[in-house]
Amino acid sequence: MQTFKQPLTKEMELYYLKRSKEGDLSARNVLVEYNLRLVAHIIKKYNNYDRDIDDLLSTGTIGLIKAINTYDIEKGNRLVTYASRCIENELLMMLRQERKCSKEFSLYEPIGTDKEGNEINLLDIVESEGTDIAEQVILDDNIKHLYEFIKILLDKRELKVLTLRYGLYNHPPYTQREVAGKLGISRSYVSRIEKKALAKLREAFDRPTP
């Protein structure tokens, strides 16, 4: 893979973001160029012998451009944090076309949408505000905390549903309908248990650290 430029400083990033928001395409291109390293870092986990690396890079770059175009400077977060999610979403849209019938489990598998219509996935639960995802896309430490919270916060049925749904603890993942059949309950009840369990975990991660 080609050599990419080092990320911009926070000050230079803000400068080009403001110019880009004013319609300066050359500023947007600078932001794209200096964030290609992030795209290359994220696509590594999607790269295998069945996929063309240039296609992945192209798809990830589309996500990066979307991120730059829709990034809200007023929120104060670094572009890299927001762009990482946009790049992931763009790659996921491509992958869903490749594996419609696949049950391959991933922390990035979509589990629904938020109130604004944006896709959310299991990793959203463990994301930490202000974390530099460019340095570590998969947040090992927070994933460890996720499993700790699962043990502490979930009752037996919630634990069973999430374990079956998302293939936790090296179990195979199942659809809501399959989980319903295994547990002898309705699919809608599985959905309610799943949403309640995920809400507990999200609340735990949103809670300020003492």
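User: Before anything else, what does buried mean here?
Analyst: Buried means under 20% relative accessible area, exposed means over 50%, and partly exposed lies in between, with a 1.4 Å probe and protein chains only. This is a predicted model, in which local features need pLDDT of at least 70, side-chain atom pairs count only at pLDDT 80 or more, and totals for chains, interfaces and linings use all residues. Residues are numbered from 1 along each chain as its sequence is written, and side-chain values use heavy atoms, with hydrogens and water left out.

User: ok, how many aromatic pairs are there?
Analyst: A search of the whole structure finds three, where rings of Phe, Tyr and Trp (its six-membered ring) pair if their centres lie within 6.5 Å, and planes under 30 degrees apart count as stacked, over 60 as edge-to-face and the rest as tilted. One of them is Y15 with Y16, whose centres are 5.0 Å apart with the planes at 75°, so this pair is edge-to-face.

User: and what about Y71 and Y82?
Analyst: Their pair is tilted, with 6.0 Å from centre to centre and 50° between the planes. Y71 is buried, at a relative accessible area of 7%, whereas Y82 is partly exposed, at 32%.

User: switching topic, which charged ends sit over the rings of Y166 and Y174?
Analyst: The charged end of R165 sits over the ring of Y166, 5.2 Å from its centre, and that of K182 sits over the ring of Y174, 4.6 Å from its centre; the criterion is NZ of Lys or CZ of Arg within 6 Å of the ring centre and within 35 degrees of the ring normal.
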